Amino acid sequence: MQLNSYLMFDGNCEAAFKFYERCLGGKITMMMTHKEAPSAENVSPEWHDKIMHACLELKDRLLMGSDCPPGYFETPQGFYVQVSVPEPEEAERIFHALAENGKVKMAIAQTFWSVRFGMLIDQFGIPWMVNCEQVV
């Protein structure tokens with residue numbers, strides 16, 4: 001079994017995934033618009049360029065997402081996408097990259113459980129935690 005995050009966007013999935021690719025160092029392996037899908041005739045023309053499915057590979061994990069149809073988007077709440085990295089410098093880099101034009105909820109710093117931990121809401125409204133645990 002593999003558990004992956006699937007994020008929903010309000011029409012800006014393509015920009016978000018290109019941003020995540022840059023911030024996280026992964027590779028977008030799928031970015032299909034509604035126009036490219038077999039069901040394109042059932043989607044209004046103004047929605048054709050919105051993303052039906054996107055996939056970002058991050059080593060052995062996937063981050064997936066799409067644009068919600070008009071009227072279906074809900075602001076994300078009750079979860080954070082959590083990123084764990086082994087090096088404090090990488091945690092700092094990722095945190096500050098994701099925080100660009102976003103809102104820092106907890107500045108990245110040392111905690112009692114971690115050499116670096118921080119929380120933010122990115123510019124696309126997605127909540128993130130960045131963590132670099134202490135090596136015991």
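How many aromatic pairs does the rule give? I started there. Rings of Phe, Tyr and Trp (its six-membered ring) pair if their centres lie within 6.5 Å. By this rule I get nine aromatic pairs.

A note on the source. I am reading a predicted model, where local features need pLDDT of at least 70, side-chain atom pairs count only at pLDDT 80 or more, and totals for chains, interfaces and linings use all residues. Residues are numbered from 1 along each chain as its sequence is written, and side-chain values use heavy atoms, with hydrogens and water left out.

**Ring pairs**

I looked up phenylalanine 9 and tyrosine 20. Their ring centres are 6.5 Å apart and their planes stand at 45 degrees, so this pair is tilted. Planes under 30 degrees apart count as stacked, over 60 as edge-to-face, and the rest as tilted. Phenylalanine 9 sits in strand β1 (residues 5-9) and tyrosine 20 in helix α1 (residues 13-24), so the pair ties together parts 11 residues apart in sequence. Helices (H or I, at least four residues) and strands (E, at least two) are DSSP runs, numbered from the N terminus.

Next I checked burial. Phenylalanine 9 has 0% relative accessibility and counts as buried. Tyrosine 20, at 0% relative accessibility, also counts as buried. Buried means under 20% relative accessible area, exposed over 50%, and partly exposed in between (1.4 Å probe, protein chains only).

Tyrosine 20 also pairs with phenylalanine 124, edge-to-face, at 6.2 Å centre to centre and 80 degrees between the planes. Phenylalanine 124 lies in the loop between β7 and β8 (127-133), so its pairing with tyrosine 20 of helix α1 ties together parts 104 residues apart in sequence. I then traced the cluster: ring pairs link Phe9, Phe17, Phe19, Tyr20, Phe124 and Trp128.

**The core**

Which residues have the most contacts inside the largest nonpolar core? I noted Phe9, Phe17, Tyr20, Leu24, Leu98 and Trp128, in a core of 30 residues. Such a core is a set of buried Ala, Val, Leu, Ile, Met, Phe, Trp, Tyr and Cys residues joined through side-chain atoms within 4.5 Å. The elements giving two or more residues to this core are β1, α1, β3 (51-58), β5 (81-84), α2 (88-98) and β8. α1 gives the most, with seven residues.

Not counting residues up to four places away in sequence, leucine 24 touches Leu56, Leu58, Val83, Arg93, Ile94, Leu98 and Trp128. Contact means heavy atoms within 4.5 Å.

**At the surface**

Is phenylalanine 112 buried or exposed? At 74% relative accessibility, phenylalanine 112 counts as exposed. I found phenylalanine 112 in the loop between β6 (103-109) and β7 (114-121).
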